[in-house]
Structure formats: structure tokens, C-alpha cells
Amino acid sequence: MAHADIDDLAALVIEPADVPGPVRRHVGACERCSATVEALSTTRGALGADPLVAPPPELRARVMAEALGPSTAAATETGTGETPPGDPVPLASRHRGGVPLWLASAAAVTALVAGLGVGRMSVGEPEAAPVEPEPTGAVLAATPLTALGSDAPRGAVEAVNASDDVVTVSVRATELGDEPGYHEVWLINVDGERMVALGILARSDNGTFEVPRRLIEDGYRIVDISVEPDDGDPTHSGVSLARGELV
Amino acid sequence: MTIIGLPARTRPRYGVAVVGGAAALEDAPEESVEALAVRFRAGHEAALGEVYDRWSSLVHSYALRALQDTQDAEDVTQHVFVAAWQGREKMTPGPHTFPAWLIGIARHKISDARAARARDVRRIEAVAAVTPSAEVVGTEDVMEPDRLVVRQAVDEMGEPRRTIMLLAFWQDLTHVDIAATTGLPLGTVKSHVRRGLTQLHHTLEEVRHGSR
């Protein structure tokens, strides 16, 4: 007899009574098939583990910071004098690093924004909470967030003047629901054709992101929060939980 | 407020098949993982984030079970991904590169953490005459990485197979009960359970092969 079908061998491990006599007799006599059955029982024995436990969200930023080093952290430096001592970053290089950043893919942007939190942590700041807006900064624009296609409130967003060419976008979302996945913040252009990823709401439903002023001026004014499955796809999932337009 | 639709994507951002729904995950995970491995090895920083997002739970769970300490498990997870990034040029991209490779690195980092613990215990011992116990140093279950890899593979299966597998092997329901619960024909349930087990068998073989 030819070798047994592997699904029959699997059945032999799961429910031997379901397996026809000839198959059982063949396996008894065939070294190769009985070895497969043994391997399948080992696999059977490896079932039953508890669900995997994700590390705390802030660990991602620590990993990115340590692996990618200070140059990446510097590329997303906030310019508020928090460059780690001994690692001065000339303004020019910071600027050069910043421009292609916004032309890069959404995923690269996300990674670099994650790096931002990191630079701060690596200089030993105990609060890893989102960057607070500049206390002296003027509120340039604000909007309530609502669910898509309804007035159901989902929090608010403020855009605060951080410096001549940087705006701090501060997101405070509420009731985003508990759909599995993580929440990512995007700026959609009012032309409906372009969008950029700002980053992930990692710690809570609040987050602060630094945005080049020219993006806002170019029409990237619609703040969008999506829920993203962990599928390795850096693009928008298409599922928006909240929207608001900075005016 | 007028709802503006999401901008349509005009071109893929990477030359990689985009993993869409659960069905796509089940049918062709290998190609995209291999492509991810190639980008990772080439030093694309975004690839590090993707690798971390997909396998940090696996590494962290392994470290947590081996060391039974939250802080140590987080430290090991961090060391593993940093070491993987720094040693990326030694990695051979393949469809099953990451689990085996990361678990291999984790094994070393866990044993470093245990060695550090044992040193601490000896230090305490010298002061207080305490005998180090296996509990403090931790014990290794050789099946543990397999169990975690299998758990992740089941969670990544398409529906209805994932639910059927969880009901059959985690809830220990009979096939008849699963058919009643899911409303699927008994024959469909049985064939999902068999193919699911076969699929996991192949995953483990490939992961083991990938670790050589």
C-alpha cells in the first residue's frame, strides 16, 4: 500500500476510531508513516499553551532607541534642548534628517515617531507620558473628535505652536472601543488624496505628535484615528474610529 | 462634517505582498515573512518595528515563563531584539527565519539572566547562608518554545479553523459539540481539526529546520 495520507495520520492521533483498518495496519508496518504519527503526537502535545503575553507597550520604544541608536532619536529630536549631553546634534543635520522623514513611508514615520519617545527616555526622564504642549505655545487650531458619520463625541485635538516651523498636535481621544489592534493617528489632507501617519497611541488614548507646520498649511488638517490589526501592513486599515478637522 | 474617504493607495509602499485578511495570512504567510527578513537584514529600520510587532509576544512569553519575573522578561525581550538587529547580517532570510532565530537568541539571553541571578544568590548566600533553589534560578522546559510557536500559529490561522482548533484542543470539546457550537457540518469540523494539526506539524518542522 502507498504511504498513508498525512491527514489520516493526523486523524490517527486525534481520533483513532475514525481511521479505517487498512490505514492503521499500514502504519503499524511502515517505519516512515509511524514516524510521522509520532511527530504529529508531539505536535499534539505542544497544543494548549496559554495565549502569548505581549510585553508592555513602552518596551517597543526602548528597543527601537537602543537598536537604532541616538542618530534616529536625533532625527526626531523635538528641538527643546533635550539632546542627550555629549551627543550634540547640529541644527542643520537635524533639519536634513527631518525633511525626508515626512516623505518616507508611513511605517518609517511611525518607527521614527516611536523613536521620539525613546530619545526622551534615554536621557533618564521618568515620565514617559506623551510630550506636553509647550506651556507658552498658543493654540493654533482645535477640533472635537467624533465618530465617523455621527456626532458621537470621541475626544478632542489641539494644534499648538511649538516653534517657527513645528506644530504640536495633541490628541485626547475617548471611547475608541475595544476592537482588537492598536490605535494609530493620521493626518488626512483636505484634498482627500494624501495622508501621513503620525504614530501610535501606545500608552493610552492620548498622544502628542510633532508635525512640520508646512504639512498643516498644505492641507493636512483632518485628524483620523484608526484601529490597526497587527498584520505588518503599514497602511491605514480602512477602519476609522474618530475624525476631526483642525480649523 | 463632510466625510472624506481615505485616500486610495496608488502604489504599494514596499515591493511586498500586503497581508490582508485572515485568509491571506493562512494562504501565503511565507512570502511576506521572507521579504520582511530580507528588508530586516538589509537594515531597513521599519522592518525592525514589524519584526518586533509580530514576534515580541512570542519572545516575551518565552522569557516570562522561563524566568518568572516581569522585569527580567522585559529586559531579555529588549536584549533579544537589539541583539537580533545588531546581528542581522548573520541571519539567513527564509520563510520561517524569525521564530527559531529569535528563540535561539532568547535562550542565550535567558541563560545570561539566570547566571546573573545565580551570582546574586551566591552573594546573598555568602551573607545569609541561603541555599539557591531551582525556583530562584528557574527551570527550562524544552517543549516551551514549541508550545508558544504553536499557540501563535493557531492564533494566526484563518477562521473558522482557529476557533475550531481552540475549541478542540483548548476547551477539549468533542467534534460533535464543536459542530453544534459553530453550526458547521461534523465532517467539516473533523477535516479542519486534522488539517490544523497537520499544518502545525509542518510549522514546527520548518521552524526547527530554520533553527539549524
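To begin with chain A, what percentage of its 247 residues count as buried? Please then continue to the helix pairs and the contact between the chains.

Author: The model is a predicted one. Of the 247 residues of chain A, 35% count as buried. The secondary structure of this chain consists of seven helices and eight strands. Among contacts in chain A with a separation of 6 or more, 60% are between residues 24 or more positions apart.

Within chain A, one helix pair may be examined in detail. The axes of helix α1 (residues 6-14) of chain A and helix α3 (residues 31-45) of chain A come within 9 Å, crossing at roughly 55 degrees. The two helices, α1(A) and α3(A), are therefore oblique to each other. The crossing of α1(A) past α3(A) is right-handed. On the α1(A) side, the residues in contact are A:Ile6, A:Leu9, A:Ala10, A:Leu12 and A:Val13, and they meet A:Cys33, A:Thr36, A:Val37, A:Leu40, A:Ser41 and A:Arg44 of α3(A). Sorted by class, this contact of α1(A) with α3(A) comprises eight nonpolar, two polar and one charged residues.

From α3(B), B:Leu48, B:Tyr52, B:Ser56, B:Val59, B:His60, B:Ala63, B:Leu64 and B:Leu67 take part; their partners in α4(B) are B:Asp72, B:Ala73, B:Val76, B:Thr77, B:Val80, B:Phe81 and B:Trp85. The classes represented in the contact of α3(B) with α4(B) are 11 nonpolar, three polar and one charged residues.

There remains the contact between the two chains. Chain A contributes 53 residues to this contact and chain B contributes 49 residues. On the side of chain A that touches chain B, the elements giving two or more residues are α1, α3, α4 (58-75) and α6 (106-122) of chain A. Of these, α4(A) gives the most, with nine residues. The side of chain A that touches chain B has 31 nonpolar, 11 polar and 11 charged residues.

Definitions and conventions: Residues are numbered from 1 along each chain as its sequence is written. Chains are lettered from A and ligands numbered from 1 in the order in which they are written. This is a predicted model: local features need pLDDT of at least 70, side-chain atom pairs count only at pLDDT 80 or more; totals for chains, interfaces and linings use all residues. Two residues are in contact if their C-beta atoms, placed from the backbone, lie within 7 Å. Helices (H or I, at least four residues) and strands (E, at least two) are DSSP runs, numbered from the N terminus. Ala, Val, Leu, Ile, Met, Phe, Trp, Tyr, Cys and Pro count as nonpolar, Asp, Glu, Lys and Arg as charged, and the others, Gly among them, as polar. Axes are lines fitted to C-alpha atoms, for helices over the stretch in contact, and angles run from 0 to 180 degrees between N-to-C directions. Angles under 35 degrees count as roughly parallel, over 145 as roughly antiparallel, 65 to 115 as roughly perpendicular and the rest as oblique. A crossing is left-handed if the near helix is turned anticlockwise from the far one by less than a right angle, and right-handed if clockwise. A residue is buried if 20 or more other C-beta atoms lie within 10 Å of its own, exposed if 12 or fewer, and partly exposed in between; C-beta atoms are placed from the backbone.
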